[in-house]
Amino acid sequence: MHDAADKAAEDEERAMQLFEEGLRARRRPIDAGSIQVIQCLDCGDDVSVERQLAVPRTRRCTRCAAEVERR
Ligand SMILES: [Zn+2]
C-alpha cells in the first residue's frame with residue numbers, strides 16, 4: 001500500500017541513486033562497457049580492453065608503448 005508520503009520517499013530514494021550513479025560515472029574516466037578493442041597506432045595489433053582500462057586513452061599495444069617510452 002502506497003500513500004503520498006511513501007511515494008515521495010521512493011522518489012527521493014531514486015533521485016539519490018541517480019545522483020550517486022552520476023558521481024561515480026564522472027569519477028571514472030572510462031566506462032568499461034563502452035570500451036572496444038582498438039588497433040595499435042604503430043603495429044596494428046589489437047589493444048585489449050584490459051590494457052585500455054589499465055592505461056586510459058592508450059592507443060598503442062604494450063610493446064609499442066614501451067618502445068615510445070624508450071625513445
Ligand atoms: Zn603495437
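1. Salt-bridge network. Lys7, Asp11 and Arg14 are linked in a network of salt bridges, a salt bridge being a side-chain nitrogen of Lys or Arg within 4 Å of a carboxyl oxygen of Asp or Glu. The model is predicted: local features need pLDDT of at least 70 and side-chain atom pairs count only at pLDDT 80 or more, while totals for chains, interfaces and linings use all residues. Residues are numbered from 1 along each chain as its sequence is written, and side-chain values use heavy atoms, with hydrogens and water left out.

2. The side chains of Asp11 and Lys7 meet at 3.2 Å, N to O. These residues are 4 apart in helix α1, so about one helical turn separates Asp11 and Lys7. Between Arg14 and Asp11, the closest N and O atoms are 3.9 Å apart. Arg14 and Asp11 are 3 residues apart in helix α1, again a separation of about one helical turn. Helices are DSSP runs of H or I with at least four residues, strands are runs of E with at least two, and both are numbered from the N terminus.

3. Asp11 is partly exposed because its relative accessible area is 34%; the classes are buried under 20%, exposed over 50% and partly exposed in between, with a 1.4 Å probe and protein chains only. Lys7, at 44% relative accessibility, counts as partly exposed. Arg14 is partly exposed too, with a relative accessible area of 47%.

4. Salt bridge in helix α3. The structure holds 5 salt bridges. One of them joins the side chains of Arg70 and Glu67, at 3.5 Å from N to O. Both residues lie in helix α3 (residues 62-70), 3 residues apart, which is about one turn of the helix. Arg70 is exposed, with a relative accessible area of 64%, whereas Glu67 is partly exposed at 40%.

5. Zinc site. Which residues are the protein donors of the zinc ion? They are Cys40, Cys43, Cys61 and Cys64, each through SG, lying 2.3 Å from the ion. Donors are N, O and S atoms within 2.8 Å of the metal (3.2 Å for Na, K and Ca); water is not among the atoms, so sites may look incomplete. Along the chain, the donors follow the spacing C-x2-C-x17-C-x2-C.

6. The angles among the 4 donor atoms are 104 to 115°, and the site of the zinc ion is tetrahedral. Four donors count as tetrahedral if all angles lie between 85 and 135 degrees. For four tetrahedral donors, the ideal angle at a metal is 109.5 degrees.

7. Cys40 counts as buried because its relative accessibility is 4%. Cys61 is buried, with a relative accessible area of 8%, and Cys64 is buried as well. Cys43, by contrast, is partly exposed, with a relative accessible area of 35%. The structure holds 0 disulfides, a disulfide being a pair of cysteine sulfur atoms within 2.5 Å.

8. The loop between α2 and α3. Cys61 lies in this loop. The C-alpha atoms of Cys61 and Asp46 are separated by 7.1 Å, with the two residues 15 apart along the chain. Arg57 also lies in the loop between α2 (49-54) and α3. The phi of Arg57 is near 65°, a positive value in a residue other than glycine. Most residues other than glycine have a negative phi. Arg57 counts as exposed because its relative accessibility is 64%.

9. Nonpolar surface patch. Met16, Phe19 and Leu23 form a nonpolar patch on the surface, with about 280 Å² of accessible area together. Patches are made of residues with over 30% relative accessible area and no salt bridge; like charges are joined within 9 Å and nonpolar side chains (Val, Leu, Ile, Met, Phe, Trp, Tyr) within 5 Å. Accessible areas come from the Shrake-Rupley method with a 1.4 Å probe, and for residues only the protein chains shown count as cover. Leu23 is found in helix α1 (residues 4-27) and is partly exposed, with a relative accessible area of 32%.

10. Overall composition. The protein has 3 helices and 2 strands. From the N terminus on, its elements run α-β-β-α-α. Of the 71 residues in the protein, 14% are buried.

Terms used: Four donors count as tetrahedral if all angles lie between 85 and 135 degrees; four count as square planar and six as octahedral if opposite donors are over 155 degrees apart and all others between 65 and 115; anything else is irregular.
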